[in-house]
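Subject: Structure for your review

Dear colleague,

Please find below the structure that I am handing over to you.

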Amino acid sequence: MQIQLLPSSFDSHGGASPAQRLTCFIIDDRVSVDAGSLGIALSDAQQRTVRDVIVTHPHMDHIASLPIFVDDLFGELLEPVRIHATQQVIDLLKADVFNDTVYPKFDQLKNAQGHVMQYLPFEMRREFKVAHLNCTAIPVNHIVPTVGLLVSDGKTTVAFSSDTAETEEFWRVVNQSKHLDALFIEASFPDSMEGLAKASKHLTPASLQKELAKLTHNGMDILAVHVKPAHRDKVIAELNQLNISKLRVMEPGKIYEW
């Protein structure tokens, strides 16, 4: 399984910056988990192969360029872009984004080949199929309806915490998996901003460490994501001080493989 965190910031030379402002993971060049930078950072080849998008929650940094992605491909789509989310999140996308005010109701529009976008609701805690992947969505503790994900291709299994504060059910489900190759977990703010982290339901390095104590799997890669750019250096320093084996900050643009 190959997973890439798409870049969402660019340096003065136009190259990808390590700062992560938007969230979008690409799995095997086929499936996107969230869509923050989906419409601005895909390669030409990935634009031709990514047709399934799992939306964990409707915050802007996770859906920002989803409308642009569908818009850019409108005329050439041979099959619809499939949006996988809970019915609650789908209803929010319909009301607040694809509403003919912010952006067209793409699920109701067609090109010469047929529909260009399709909503596919999934249920919490029940396994569902996305392309070649088996996925399970687990509610996590954020300020809007949000799911974490357990994702497997039959050989490799990974977990995404999505945006969350302290949570319980996510870890119970992950621990029930036979094995775990990688964990993608948020670490948004430094420890000195614990108050803001709790109010916005995010993790700091200290609270991340407490969450990892709930994990019974050992030896997997642990990749910290969703690090706020303004506090990136401080958060990285604090994560390093934890001395947790195989914990590192995920690099946007880099392809990781398990």
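The notes that follow concern the salt bridges.

This is a predicted model, in which local features need pLDDT of at least 70 and side-chain atom pairs count only at pLDDT 80 or more, while totals for chains, interfaces and linings use all residues. Residues are numbered from 1 along each chain as its sequence is written, and side-chain values use heavy atoms, with hydrogens and water left out.

The structure holds ten salt bridges (a side-chain nitrogen of Lys or Arg within 4 Å of a carboxyl oxygen of Asp or Glu). One of them joins the side chains of Asp52 and Arg82, at 2.8 Å from N to O. Asp52 belongs to strand 4 (residues 52-54) and Arg82 to strand 5 (residues 81-85), so this pair ties together parts that are 30 residues apart in sequence. Strands are DSSP runs (E, at least two residues), numbered from the N terminus.

Asp52 is buried, at 5% relative accessible area, and Arg82 is also buried, at 17%. Here buried means under 20% relative accessible area, exposed over 50%, and partly exposed in between (1.4 Å probe, protein chains only). Asp52, Arg82 and Glu79 are linked in a network of salt bridges.

A further salt bridge connects Arg248 and Asp221, with 3.4 Å between the closest N and O atoms. This pair links distant parts of the chain, 27 residues apart: Asp221 is in strand 14 (residues 221-225) and Arg248 in strand 15 (residues 247-249). Asp221 is buried, at 13%, whereas Arg248 is partly exposed, at 33%.

Yours sincerely,
A colleague

Methods: Helix = DSSP H or I, 4+ residues; strand = E, 2+ residues; numbered from the N terminus.
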